Amino acid sequence: MAAAAACGGEAAARPPLAFSPHDRRLLAVSGSDGRLRVWDTVGSRLRHEYVPSAHLSAACTCLAWAPPGGRPPPDKDGPQRKKRKSEATGVDKQLDILAIGTAVGSILLYSTVKGELQSKLDGGHDSRINCVRWHQDNCCLYSCSEDKHIVEWNTQTCKVKCKWKGDNSSVSSLCISPDGKMLLSAGRTIKLWDLETKEVYRHFTGHATSVSSLMFTTVKPMNENKAFDGITGLYFLSGAIHDRLLSVWQIRSDRKEKNAVMSFTVTDEPTFIDLTVSELKEEPVKLAVVCRDGQLHLFEHILNGYCKKPLTSNCTIQIATPGNDGDSTPKPVPILAAAFCTDKQSLLLVYGNTLQPIIEKVSLNTNESHICLIRDVQKVLALKTDDAVTKVKTPVVNSDTKVLVPGIPGHSAAVKTPSSGKEKKKSKRKPGETEDSIEERLGALDIDVSKVKTPGGLPQTDSFAVLLVQGLESNDEDILNKVLSTRKETLIKNTVARMPIHAVIPLLHELTKRLQGNPYSASQMVRWLKFVFTLHASYLSTLPDLIPQLGMLYQLMESRVKTLQKLSRLHGRLFLLVTQVAASETVQDVTEVNQTAKLVYEDESSEEEGSDDEMIADKDSDENWDEDEEKEEQSDEQDMTVEKEINGDSDLEPENESEEE
């Protein structure tokens, strides 16, 4: 017998639910408020309520009960004390450990016996946990996440035993084979892994959307003639989000067949599935499927090979409220989960809301195709509230008793109290007098809000680191804006140095997002990036998937550096244009100066004197011209005589001329 809720990242239309194995005596529900509640299915009473420390930021995404009879995980406080025999045997018999997957990648192990957190598994995933599954050995746990990886945990040491990539996209569901040697994983395609070698044994086509549930429907092959190797011949069931068909697959010896052998059709997307495992050849598989629309579909079929046509449900169960006096129209009540009891002839129905569900046991009757149960939910809840046992006790207080409250936290002004015994006697209210109003009581407290000052102005480095981690976990924009808007480099450096290691990658993603969004904040985000890379370079270098983690940031920086030269040129041209336009505007604004002369003075004798001077200058120039010509002729004759002497030519030696001839 197996039960599974829809445990995919997108498939969790409702908060996760899980029945305890075998006896179904406990139901774990994680509500929308982040609280984990464990209900007793017999009396529908609340047994435990656990509020994780980070229940608002790290919401619960999936639940899984540990199989009974295994070894308990170690206590979170360290080595356990030596227990008495009676205490030890009691714990071993009713060991109920609940694994809680969170949205931040950590897994919590909660003990329903002790009512406290046993241990925390951290460091395996850095994204949302989609599904957790316990191995038959209680100290081994498997988990899958949005980070595409599957992790095998050792719950004794709370450390990662093995981690491998399960798919190219997120892995949304897991299931362990009956013999414990194989593991089914699914994103959109379904893979069968050999747990010893961590290699893919078979591939299956899967669904068009993310698979939300995986379960084995048989523990033995239908053909008993062949030798059974523990996996060949078994059937398993799969369901996906936004898919109204549940597919049944068979693991065959040949690798050719990858498609489903049969399918079950339902009215809406399945949110919770439970079935009775077929152990004999002629024993039919009973299947209970709760859909998103709040209906329950029951199937009963013998798995005997290929079936082309989708199978419809044998019976559909709905729950509705009776018509009131004012409104005669009944209203539907959604069914949250359903599980088969140990006798396989009755069902446990969980309906209402997750904060206060109603658990009812009904007999299984598939003769009718449609059953509508009439239940007055409000009346049942009122009866449960009256009979509920609470740990909070209200003290019996006399009507004449007056309670004095010291004030509010952070209030420095003292409360005005009577100073003497006489005043106390006068202040005692006599019968018949009116009691002081709320306004008068507040006035007596003398609270001046304007005088109350919060200690310290700017938060220190420690509080900045804490605020930064809280903002990253809860994705609170106000906190992140307050922290990342600081401009003091020493404060940024100390904050980055004191932040925990697991918050480095989320901080880089946040800085990358802000670099993409607002260009004006780029200079501020670069300061944070510089200190992150400087102080945490050793941690970042150890990450195997560092390149895909920082790929977007690298591309963003590369694109901005490439456009720097073009932007610089454009900036220079625009600067010239702007300055030229500004200069032309300033010239236009200046008033034009009238350059015409206001007074002109003319001298009559200036023309005559000017003409006489010109005549004298002309005569002088002519005489100078003649003298210059004579000097040039004399200089030419002297040059000719000098050349003849140099060349040896002379008129005084005629004999030499004849000899030469």
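E152 and K198 form a salt bridge in which the closest N and O atoms lie 3.4 Å apart. The two residues belong to distant parts of the chain, 46 residues apart: E152 is in strand β12 (residues 149-154), and K198 is in the loop between β16 (190-194) and β17 (199-204). A salt bridge is here a side-chain nitrogen of Lys or Arg within 4 Å of a carboxyl oxygen of Asp or Glu. Strands (E, at least two residues) and helices (H or I, at least four) are DSSP runs numbered from the N terminus.

E152 also meets K161 in a salt bridge, at 3.8 Å from N to O. E152 counts as buried because its relative accessibility is 7%, whereas K161 is exposed, with a relative accessible area of 58%. These classes are defined as under 20% relative accessible area for buried, over 50% for exposed and in between for partly exposed, with a 1.4 Å probe and protein chains only.

## Basis of the model

This is a predicted model, in which local features need pLDDT of at least 70 and side-chain atom pairs count only at pLDDT 80 or more, while totals for chains, interfaces and linings use all residues. Residues are numbered from 1 along each chain as its sequence is written, and side-chain values use heavy atoms, with hydrogens and water left out.

## Other salt bridges

The whole structure contains 13 salt bridges. One of them joins R25 to D23, with the closest N and O atoms 2.9 Å apart. Both partners are partly exposed: R25 has a relative accessibility of 25%, and D23 has one of 40%. Elsewhere, salt bridges link E477, E510, K513 and R514 in a network. Side chains of opposite charge can pair when their charged atoms come close.

## Strands and sheets

Residues 17-40 are 0% helix and 54% strand, with the end C-alpha atoms 13 Å apart.

An open antiparallel sheet is formed by 4 strands in the order β2-β3-β4-β5. β2 (17-19) and β5 (45-50) are the edge strands, each with a single partner, so one side of each lacks a neighbour in the sheet. From one strand to the next the twist averages 20°, the angles running from 0 to 180 degrees between N-to-C directions of axes fitted to C-alpha atoms. β2 and β3 (residues 26-30) run antiparallel and are joined by 3 bridges, and F19 has L27 in β3 as its bridge partner. Pairing requires at least two DSSP bridges between two strands.

A hairpin is formed by β28 and β29, with 6 residues between the strands, and G352 takes a positive phi near 105° there. β28 (residues 346-351) and β29 (residues 358-363) pair in the antiparallel sense over 6 bridges, with L348 opposite K361.

In helix α7 (residues 489-498), the buried residues are L491, I492, T495 and V496. Viewed down the axis of α7, the buried residues fall within an arc of 125°, so they line one face of the helix; the arc is that of the directions from the helix axis to the C-beta atoms.
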